[in-house]
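Visitor: Hi, could you walk me through this one? I'm new to it, so please take it slowly.

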Amino acid sequence: MGKFQVISHPLIQHKLSILRREDTSTKHFRELVNEIAMLMGYEVSRELPLEEVEIETPLKKTVQKQLTGKKLAIVPILRAGIGMVDGLLSLVPAAKVGHIGVYRDEETLKPVEYLVKLPEDIDQRQIFVVDPMIATGGSAVLAIDSLKKRGAANIKFVSLVSAPEGVKKLQEAHPDIDIYTAALDENLNKKGYIVPGLGDAGDRLFGTK
C-alpha cells in the first residue's frame, strides 16, 4: 500500500488558511497555490535517490552527493493542476511537464478525459501528478489510469485539500501510489464539493465562474 501523508508544516497550514478564505483575491490565490506546492515539494521529493560524485572545492577534492539523474515529470490535471506546476518546477527545473485534461460532468459528477499530452519517455520517469483537490477522486483515478496505460509506474499524487471519500476511492483504485495532501477535510456535499474546502480551485485560480 502506498503512503498517505498530510503535510502539516506550519507555513503550509498558515498559507492554506489564507487560501481558503472567500475574500482572497485571484492574484493572491494563484500565488499561494504556487507557494504551497513548492513547500510541499520538499516533502514529496524526500525519497529521490542520491549518488556519490567526486567534486573539487576551493580547498580539495571530495566525494559528495547529488541526485542520481532519475528523470522527473510533473503532470497537472487540467485546469486547476496548472496552478501547482511552477512551484514544483522552482525546485526541479529540469523536470518535464505533461498534461491530462479532465472535466467533471455536472449532472453525473463523473470525470471525462479530453486531453493527454505526455513526455515520450513517461514510462521511465518519477511522476508527480498534481491537482489542488481530491474531491470525489474520479479525476485522480482517471488520470492515473491514463498514465499506467502508457507504462508509467512511479507515481505520486500531490494535492492541497482532500476529502476522505476521494482519498478512499483513489487508494482502492490505485493502492500502489503515494498520496500527499496539505489537508484532509470533513466530507463532500451533495454537489461533490469538499467541505469546508476552498470552493472551485479552477475558478478561483483563473477568475472564472
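**Around Asp200**

Guide: Asp200 lies in the loop between strand E13 (194-195) and H6, where helices (H or I, at least four residues) and strands (E, at least two) are DSSP runs, numbered from the N terminus. This is a predicted model, in which local features need pLDDT of at least 70, side-chain atom pairs count only at pLDDT 80 or more, and totals for chains, interfaces and linings use all residues. Residues are numbered from 1 along each chain as its sequence is written, and side-chain values use heavy atoms, with hydrogens and water left out.

Visitor: Switching topic, where does Gly137 lie?

Guide: Gly137 is in the loop between strand E9 (133-134) and helix H4 (138-149). Gly137 is buried, with a relative accessible area of 4%, and touches Gly166 and Lys169, not counting residues up to four places away in sequence.

Visitor: Which residues of helix H3 are buried?

Guide: In helix H3 (residues 82-89), the buried residues are Gly83, Met84, Val85, Gly87 and Leu88. The elements that the buried residues of H3 pack against include H2, strand E4 (72-78) and helix H6 (201-206).

Methods
Buried means under 20% relative accessible area, exposed over 50%, partly exposed in between (1.4 Å probe, protein chains only). Contact means heavy atoms within 4.5 Å.
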